[in-house]
Amino acid sequence: MTLYQPFLDYAISLMQDQLSLQPYPIPEGFERKEEMTGKGKRQQRVVTSSYAFKSPKLRQIRAAHVQGGSSLQVLNFVIFPQLNYNLPFFGADLVTLPGGHLIALDMQPLFHDKAYQQQYTEPILPLFKSHQQHLPWGGDFPEEAKPFFSPAFLWTRPQETEAVITRVFSAFKDYLQAYLNFVEQAKPITDSQRLEDILQAQRRYIAYRADKDPARGMFTRLYGQAWTEEYIHGFLFDLERQMVTV
């Protein structure tokens with residue numbers, strides 16, 4: 001089963017058409033990782049594949065794709081803007097576990113002031129509302145996470161896989177295209193204070209996401225703690241490492 005492969009293929013194709021994509025380095029040992037889980041008839045091969053790109057306005061575009069049969073399918077796809085743009089992050093967490101589907105789509109904001117929301121949230125609220133009709137709110141999520149999401153946060157728990165294949169895929173396409181439209185329009189920031197604000201906002205987001213990564217437990221069980229922590233800090237959320245090496 002490759003539930004989220006069409007999402008990944010679509011995203012890469014769309015970005016190749018609309019961005020000046022270049023490869024982004026994936027640390028050794030992270031491009032592909034395999035492990036067998038379970039016993040007997042329940043034994044299953046789990047494959048984790050990593051993809052990464054960059055463009056002039058986007059520092060890192062990366063995906064972690066986990067395929068482990070019908071009860072374990074995950075695509076974590078995040079876009080991090082360059083530090084001299086005030087663009088939001090693009091975040092897609094598409095998760096299928098034995099308990100069902102967990103879907104989170106958003107353009108996660110750097111700031112919450114009115115001007116920023118007018119620029120990046122209000123234009124996509126109609127899009128959000130159109131998809132939320134078919135993908136209802138998925139319930140509570142941690143209070144500490146709320147500052148990192150926008151009013152257009154599409155968080156849902158579809159009951160049927162068919163809804164993932166159709167409704168969720170449609171929302172993913174629309175959100176990604178809207179984000180690429182923002183990227184095309186984005187102008188570089190030159191004000192020194194605003195640049196510092198952007199840096200600190202990116203650091204807060206990345207520190208939170210790395211600390212609270214919900215895949216940590218899964219990866220640790222599959223591949224061990226050392227590999228998992230290095231994957232999270234050295235690839236998935238690597239800003240601090242990259243700043244040290246510059």
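Visitor: Within what distance do the axes of helix 1 and helix 4 come, and at what angle do they cross?
Guide: This is a predicted model. Helix 1 covers residues 5–18, and helix 4 covers residues 161–185. Their axes come within 11 Å and cross at roughly 20°.

Visitor: Are helix 1 and helix 4 roughly parallel or roughly antiparallel?
Guide: The crossing angle is roughly 20°. Angles under 35 degrees count as roughly parallel. Helix 1 and helix 4 are therefore roughly parallel.

Visitor: What is the handedness of the crossing of helix 1 and helix 4?
Guide: The two axes cross at roughly 20°. The crossing of helix 1 and helix 4 is right-handed.

Visitor: How do the residues of the contact of helix 1 with helix 4 divide?
Guide: Helix 1 brings residues including Phe7, Leu14 and Gln18. Helix 4 brings residues including Val168, Phe172 and Lys173. The contact residues divide into 12 nonpolar, 2 polar and 1 charged.

Visitor: Which residues does phenylalanine 77 touch, not counting residues up to four places away in sequence?
Guide: Phe77 is among the residues with the most contacts inside the largest nonpolar core. Phe90 and Phe172 are also named there, and Phe77 touches both.

Visitor: Are helix 3 and helix 4 roughly parallel or roughly antiparallel?
Guide: Helix 3 covers residues 125–132. Helix 3 and helix 4 have axes 10 Å apart and pack at about 175°. Angles over 145 degrees count as roughly antiparallel. The pair is therefore roughly antiparallel.

Visitor: Which residues of helix 3 make the contact with helix 4?
Guide: On the helix 4 side are Arg167, Ser170, Ala171, Asp174, Tyr175 and Ala178. The contact residues divide into 5 nonpolar, 2 polar and 2 charged. From helix 3 come Leu127, Phe128 and His131.

Visitor: Is glutamate 184 buried or exposed?
Guide: Glutamate 184 is found in helix 4. Its relative accessible area is 62%. Exposed means over 50%, so glutamate 184 is exposed.

Visitor: What is the relative accessible area of glycine 224?
Guide: Glycine 224 lies in the loop between helix 6 and helix 7. Glycine 224 is partly exposed, with a relative accessible area of 23%.

Technical notes. Residues are numbered from 1 along each chain as its sequence is written. This is a predicted model: local features need pLDDT of at least 70, side-chain atom pairs count only at pLDDT 80 or more; totals for chains, interfaces and linings use all residues. Side-chain values use heavy atoms; hydrogens and water are left out. A nonpolar core is a set of buried Ala, Val, Leu, Ile, Met, Phe, Trp, Tyr and Cys residues joined through side-chain atoms within 4.5 Å. Buried means under 20% relative accessible area, exposed over 50%, partly exposed in between (1.4 Å probe, protein chains only). Helices (H or I, at least four residues) and strands (E, at least two) are DSSP runs, numbered from the N terminus. Contact means heavy atoms within 4.5 Å. Axes are lines fitted to C-alpha atoms, for helices over the stretch in contact, and angles run from 0 to 180 degrees between N-to-C directions. Angles under 35 degrees count as roughly parallel, over 145 as roughly antiparallel, 65 to 115 as roughly perpendicular and the rest as oblique. A crossing is left-handed if the near helix is turned anticlockwise from the far one by less than a right angle, and right-handed if clockwise. Ala, Val, Leu, Ile, Met, Phe, Trp, Tyr, Cys and Pro count as nonpolar, Asp, Glu, Lys and Arg as charged, and the others, Gly among them, as polar.
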